[in-house]
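Subject: Structure for your review

Dear colleague,

Please find below the sequence and structure that I am handing over to you. My notes on the findings follow directly after it.

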Amino acid sequence: MENNLIVLKEDPLGRKDITVTGKVTDSSGAPLSGVSVQVKGTTIGTTTNAEGAFTLSVPDPNSILVFSIVGYDAQEYPLNGSTSITVSMKGSQQVMDQVVVIGYGTARKRDLTGSVASVKGSDLAKQPVQTPTQALQGKVSGVQVISSGQPNATPLIRIRGAGSTLAGIEPLYVVDGVITTDIRNINSNDIVTLDILKDASATAIYGMRAANGVVLITTKKGRSGKMKFAYDANVGLREATKLVNMAGEKQYAGYLNEGNIYYGSGDSLVKASALQGYNTDWYDAILRKGFQQNHNLSISGGNESVTYFLSAGYLTDEGIQVGNNFSRFTLRSNNEYNLSKKLKLGTLISYAFSDDKGVNAGAFSSAYRAAPIIPAKIGDKYGNTSLVGNVSNPLVSIDKTDARFLTNRLQGTGYLEYKPVTWLTLKSSIGIDMSYLKNTTYDYAFLSDESTFITPGGNQQRARSQLTLVKNDITRYVWDNTATFSKQFDKHHFTFLVGTTAEQYKANNSNGTALDVPVNKDQWYLNAGASGTQTIDNTGDKWTRNSYLSRLNYNYDNRYLLTASFRADGTSRFSSSNRWGYFPSVGAAWNIGNENFMKNQDIFKDIKLRASWGKVGNDNIPTGLYYSIANITRPYYFDGSRYSVITFDNITDKNIRWEITEETDLGIEFTTLKRRLNVEIDYYNKRTKDALTYVNLPGILGDADNRYITNAATFENKGFELNLNWNDHFSDEWTYSIGGNIAANKNQILNLNGGQALFDGNVNGFTTLSDNGHAIGSFYLLQMDGIFQTEAEIAASAQPNAVPGDIKYKDINGDKKIDNNDRVFSGAYLPKLTYGVNGSIGYKNWDFSFTSYGTSGSKIYNGKKALRGTDSRDNIEAAVAVGRWTPNNPSNTIPRATLGLMTPSTYFLENGNFFRINNLTIGYKLPEKLLSRYKINTLRVYFTGQNLFTFTHYSGFTPEIIGTAPYDTPLNAGIEINTYPTTRTFAFGLNLGF
């Protein structure tokens with residue numbers, strides 16, 4: 001701080017002002033731009049420029065200046081006659097002062113009236129995962145993240161339950177203003193914050209796209225100052241966390257022979273001569289430990305005119321299935337140009353290229369069912385599982401197919417920001433998202449002879465090679481224009497946003513196949529196939545949206561807050577009479593901690609009550625669902641003349657309209673115990689009206705599916721959320737934090753109106769039923785009531801044709817027979833409770849952190865186990881082989897040796913609850929004194945483990961199910977058929993900055 005001669009100047013009113021100049025920096029000495037500098041008790045103020053400098057005329061040489069910016073502790077500075085000052089601001093550690101993105105703007109958490117959660121990019125980058133949302137598990141209450149061990153898989157996110165069955169339940173993603181549905185191209189190291197808008201008051205500014213919540217991703221930008229380099233990397237190994245223990249060859253032979261001798265034809269199915277000692281573990285044959293690596297380099301810096309951030313990332317993941325390999329290369333360039341004091345230009349551009357040698361999902365099912373008496377491969381020849389009437393050799397299925405997915409993705413935003421006066425900001429931005437996918441799949445020709453198999457014969461063969469080429473070109477653009485008015489009058493602060501946004505989506509899909517294409521990859525073209533074998537299909541899609549939006553934020557004396565928004569959305573996905581939807585919201589909050597009567601108490605340092613209400617929409621349906629398509633079918637002849645018939649094969653509702661989600665949220669946030677404990681509690685009620693559902697048609701109308709889609713359902717999700725975070729230190733050398741969150745959600749269908757209950761989940765018959773009063777996709781099954789032990793027990797039951805060892809089902813309606821009328825609702829996959837516990841400890845240069853995640857109240861249908869028996873030679877799980885009912889082992893939980901398919905029942909339904917240690921990381925930062933000799937700012941090395949331990953009673957691969965078609969909708973979620981196993985990762989990494 002310097003003391004200079006005070007300069008007085010006269011004005012027409014006789015006031016004598018003092019000109020004060022200064023600079024504001026952070027704790028490291030880097031300049032801070034955008035800091036509010038205000039004379040305490042007045043409306044006189046200014047903000048710092050890109051260099052952190054400011055100039056301000058003040059009325060009194062003894063004035064007190066107040067410096068504030070979100071993310072930093074507010075600071076008061078008495079001038080005491082000084083006219084040139086330097087102020088260093090300290091980053092705020094308080095949750096209430098964190099900056100969050102709220103859609104077309106930012107705000108302090110203490111100024112919010114809705115439910116918004118924020119996760120720092122640095123916390124996401126700690127975990128060795130491919131997609132940032134994978135690292136969200138357990139960090140945010142009310143957000144369920146279902147991840148997969150498969151490379152390049154998209155995690156499923158459920159924010160406060162599922163509110164639709166046919167219009168999609170995935171949240172909206174917004175990356176630097178670009179609306180998208182896929183963030184697999186985003187490098188976690190490039191992220192500053194990931195903000196989640198959960199309630200309708202927070203999401204309503206996005207209107208039609210926000211029914212399932214909004215995930216906002218903000219990427220890094222440069223800052224004024226010298227150039228900075230950062231290199232972050234980790235390398236490690238992945239392995240399956242849990243596999244299913246299958247029966248060995250003797251257990252397999254004993255089970256099948258027992259089943260056929262006593263309950264079948266009476267013969268042995270597996271002769272002693274067939275046991276050659278192979279005892280094949282098919283999971284071991286198709287799985288491996290996969291190497292993974294991730295490297296990221298960034299450069300940032302700038303001056304008063306230009307700031308820049310450049311990054312490059314390279315990631316590879318071999319995957320745990322043999323032959324599966326994935327790699328991704330990313331580039332990012334985020335630049336800002338101060339064209340003048342009032343005009344700013346920004347560009348945020350990213351490019352991603354990925355190469356994915358695809359997973360053979362069916363191989364997991366085959367490995368479950370394949371006979372262990374057949375070898376997987378000896379030398380260059382395969383074991384012939386089809387010889388014993390069994391499924392295909394899964395290793396052949398993998399090796400004889402070459403599937404490769406190449407994706408180029410360009411995503412970017414360009415904007416102009418103009419401030420004609422300090423209280424008005426005009427901004428125009430255009431975002432574009434272009435994706436180009438090429439999938440080449442070549443199925444090799446092979447015969448079931450000695451050239452391929454150890455033992456010739458059987459039916460596993462492919463007489464002709466086939467080439468399939470798929471090209472998908474997708475372009476999406478979003479053009480936003482907003483005006484933001486921000487003005488303060490004494491204790492009243494207003495921020496008013498108005499704007500328009502336009503969006504267009506275009507897709508062009510081409511699909512072609514050809515037979516007898518040569519093996520040489522240089523000839524993998526459709527016209528290289530045999531004459532007359534080509535098929536080419538071309539489809540596309542196009543839709544547009546146009547919207548008008550507004551939002552008012554009012555703050556009175558930092559005590560009373562009001563937020564109101566309104567958005568009008570038009571979409572081409574509905575007919576002209578239903579095209580527009582209108583989505584209002586309002587929220588209010590009371591910062592009780594700022595009241596005078598709270599100043600003399602030490603229990604609460606911050607306390608805020610808030611309440612909000614709002615409506616949002618959902619138009620995420622197939623384009624043109626509201627109109628019927630005419631088809632010209634075969635000709636017919638009448639009266640000697642030839643006529644063409646035009647038919648409408650699909651019945652549609654031309655009045656189909658928006659799904660509307662209305663939500664109320666009540667919350668309280670406070671800090672206590674000297675601001676060491678932060679608490680946030682929410683209660684919400686979210687109801688989706690006019691939801692799309694199927695309605696059955698009279699058979700006389702002749703629709704192919706005998707049903708059509710219309711707005712005829714109401715769904716509800718309601719529950720509570722609790723977040724606790726504790727930050728403290730034992731001394732200057734010891735710091736620690738621990739946090740926990742828990743969320744309870746009740747999902748149910750309230751009213752199907754004209755719709756009928758929806759059956760789904762076909763696994764040897766339907767397994768789920770969505771009906772009034774129950775959760776979406778509820779399991780609807782016969783109830784297992786033990787195992788029949790005696791003939792007398794059978795005679796007194798409703799199953800007179802059973803034999804001892806069969807499953808006993810409950811006769812629910814008491815009609816002395818077991819049929820579909822005895823099924824009952826038996827739970828659903830959507831959990832009733834999600835929770836997480838996270839913490840960290842720091843000692844000098846050492847750091848340790850952990851994250852964990854769990855769910856409760858979830859059910860899983862073990863579909864792979866239920867399908868076992870399609871062929872009588874299928875293998876069984878070791879637990880079934882050992883624990884099955886026999887006269888000498890009268891089990892009451894596992895039935896006798898059974899060769900056929902069994903009726904859907906709770907025998908296959910399992911508890912899906914689990915608790916997982918998601919991540920453990922220990923790191924060491926080398927001393928600054930040592931690094932300064934080599935001009936290195938920071939160097940940290942660390943060891944991390946991902947998905948280390950999962951505690952669950954579920955017997956399958958994983959309690960996290962990302963279904964494969966057709967088991968991938970809300971109506972049939974939680975059915976395990978071809979699930980990719982969860983993977984455990986051990987990795988070593990470093991963070992280098994200079």
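In this predicted model, five strands make up an open sheet with mixed pairing, in the order E11-E16-E17-E14-E15. The edges are taken by strand E11 (116–120) and strand E15 (178–180); each has a single partner strand, so one side of each is left without a neighbour in the sheet. From one strand to the next, the twist averages 20°. Within this sheet, strand E16 (residues 191–197) and strand E17 (residues 214–219) are paired in the antiparallel sense over six bridges. Thr-193 has Thr-218 of E17 opposite.

Strand E20 (residues 306–317) pairs with strand E21 (residues 325–338) in the antiparallel sense, over twelve bridges. In this pairing, Leu-310 has Ser-333 in E21 as its bridge partner. E21 also pairs with strand E22 (residues 343–357), again in the antiparallel sense and over 14 bridges. Here Phe-329 stands opposite Phe-353 in E22. Four residues lie between E21 and E22, and the two strands form a hairpin. As a general point, strands of a sheet pair through backbone hydrogen bonds, either parallel or antiparallel.

Turning to the helices, how much of helix H5 (residues 362–369) is buried? Seven of its eight residues are, so H5 is largely enclosed by the rest of the structure. The buried residues are Ala-363, Phe-364, Ser-365, Ser-366, Ala-367, Tyr-368 and Arg-369. Their cover includes three other helices: H4 (282–286), H6 (394–399) and H8 (863–867).

Ile-69 and Gly-34 are 35 residues apart along the chain, and their C-alpha atoms are separated by 7.2 Å. Apart from its neighbours within four places in sequence, Ile-69 is in contact with Ser-33, Gly-34, Val-35 and Met-89.

The salt bridges deserve a separate paragraph. The count comes to 43. One of them joins Arg-464 to Asp-516, with the closest N and O atoms 2.7 Å apart. This pair links distant parts of the chain, 52 residues apart: Arg-464 is in the loop between strand E26 (424–443) and strand E27 (466–489), and Asp-516 is in the loop between strand E28 (492–515) and strand E29 (535–556). Arg-464 counts as partly exposed because its relative accessibility is 38%, and Asp-516 is likewise classed as partly exposed, at 31%.

Another salt bridge is formed by Arg-675 and Asp-606, whose side chains meet at 3.2 Å, N to O.

In the salt bridge between Arg-567 and Asp-569, the closest N and O atoms are 2.8 Å apart. Both Arg-567 and Asp-569 are buried. There is also a network of salt bridges that links Arg-160, Lys-198, Lys-608, Arg-610, Glu-663, Asp-665, Glu-669, Glu-680, Asp-682 and Glu-721.

Finally, the surface carries a nonpolar patch with about 1100 Å² of accessible area, formed together by Val-235, Leu-237, Phe-291, Phe-730, Trp-734, Ile-841, Trp-846, Phe-848, Ile-922, Phe-943, Phe-986 and Phe-988. At least two residues of the patch come from each of strand E18 (225–240), strand E46 (846–856) and strand E51 (983–993). Val-235 is located in strand E18. With a relative accessibility of 32%, Val-235 counts as partly exposed, and residues in such patches must have over 30% relative accessible area.

Yours sincerely

Terms used: Residues numbered from 1 in each chain as written. Predicted model: local features only at pLDDT ≥ 70, side-chain atom pairs only at ≥ 80, totals over all residues. Heavy atoms only, no water. Patch = residues over 30% accessible without salt bridge, like charges linked within 9 Å, V, L, I, M, F, W, Y side chains within 5 Å. Areas by Shrake-Rupley, 256 points an atom, 1.4 Å probe, with all protein chains shown as cover. Salt bridge = Lys/Arg side-chain N within 4 Å of Asp/Glu carboxyl O. Buried < 20%, exposed > 50% of the residue type's maximum accessible area, 1.4 Å probe, protein only. Pairing = 2+ DSSP bridges. Axes fitted to C-alpha atoms, helices over the stretch in contact; angles between N-to-C directions. Contact = heavy atoms within 4.5 Å.
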